[in-house]
Amino acid sequence: MKKIGLLFVLITSFVFSQQNMNSNTNFDPGNFSVSLAVKDLQKSKEFYENLGFTTFGGNQEHGWLILKSDYAVIGLFQGMIQENILTFNPGWDNTAKNLEEFTDVREIQKSLIEKGIQLEKTADENTSGPEHIILKDPDGNVIMFDQHR
């Protein structure tokens, strides 16, 4: 299982590095995780623990947990989201620690709009701090940039 997780991280890193070299992307999307809509949080937690993940954060009583392996982060959400989401957290590293420098989600929004990417949910540009934006890729997969500070 660790080999599969490592392979996923390597492929993802390669794809993003190639995109950054071949495009005019001017922002770092932040830490990546997959947010999963689950029906039974406890069963899902046990399943992913059997795949080598450990609970890293969250609040099971409130219907969500964050699980981590050496190379991947998964959010489990019961009754909070309707579909699985690819999630980026500007300002966080892969242990949810604050980065000194990061691209604010409002700057990410501006860059995406300038590139002609349609957003499903936009951030209020007149605010600062926590905020999120949502978009869909060409195949309808939901992507969220979720800034916590």
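1. In this note a residue is called buried under 20% relative accessible area, exposed over 50%, and partly exposed in between, with a 1.4 Å probe and protein chains only. The structure is a predicted model, in which local features need pLDDT of at least 70 and side-chain atom pairs count only at pLDDT 80 or more, while totals for chains, interfaces and linings use all residues. Residues are numbered from 1 along each chain as its sequence is written, and side-chain values use heavy atoms, with hydrogens and water left out.

2. Glutamine 109 is buried because its relative accessibility is 2%. Glutamine 109 belongs to helix H3, residues 105–114, where helices (H or I, at least four residues) and strands (E, at least two) are DSSP runs numbered from the N terminus. Leaving aside residues up to four places away in sequence, glutamine 109 touches Leu119, Thr122, Ala123, Glu125 and Ile133, a contact being heavy atoms within 4.5 Å.

3. Helix H3 itself lies across E6, E7 and strand E8 (142–147), and runs at about 30° to E7. For such angles, axes are lines fitted to C-alpha atoms, for helices over the stretch in contact, and the values run from 0 to 180 degrees between N-to-C directions.

4. The sheet is open and holds eight strands in the order E2-E3-E4-E1-E5-E8-E7-E6, with mixed pairing; two strands pair if DSSP finds at least two bridges between them. E2 and E6 stand at the edges with a single partner strand each, so one side of each has no neighbour in the sheet. From one strand to the next, the twist averages 30°.

5. Within this sheet, strand E1 (residues 31–38) and strand E4 (residues 73–78) run parallel and are joined by five bridges. Serine 35 has glycine 75 in E4 as its bridge partner.

6. Threonine 55 is found in strand E2, residues 54–59, and is partly exposed because its relative accessible area is 39%. Its contacts, not counting residues up to four places away in sequence, are with Lys45, Glu49, Leu65, Ile66 and Leu67.

7. How many salt bridges does the rule give? The count comes to three, where a salt bridge is a side-chain nitrogen of Lys or Arg within 4 Å of a carboxyl oxygen of Asp or Glu. One of them joins lysine 45 to glutamate 49, with the closest N and O atoms 2.8 Å apart. These two residues are separated by about one helical turn, because they are four residues apart in helix H2 (residues 41–50). Lysine 45 is buried at 16% relative accessibility, whereas glutamate 49 is partly exposed at 32%.

8. In another salt bridge the side chains of aspartate 104 and arginine 106 meet at 2.8 Å, N to O. Aspartate 104 is partly exposed, with a relative accessible area of 22%, and arginine 106 is buried at 7% relative accessibility.

9. Glutamate 131 and lysine 121 also form a salt bridge, their closest N and O atoms being 2.7 Å apart. Glutamate 131 lies in strand E7 (residues 131–136) and lysine 121 in strand E6 (residues 119–121), so this pair ties together parts that are ten residues apart in sequence. Of the two partners, glutamate 131 is buried at a relative accessible area of 15%, while lysine 121 is partly exposed at 25%.
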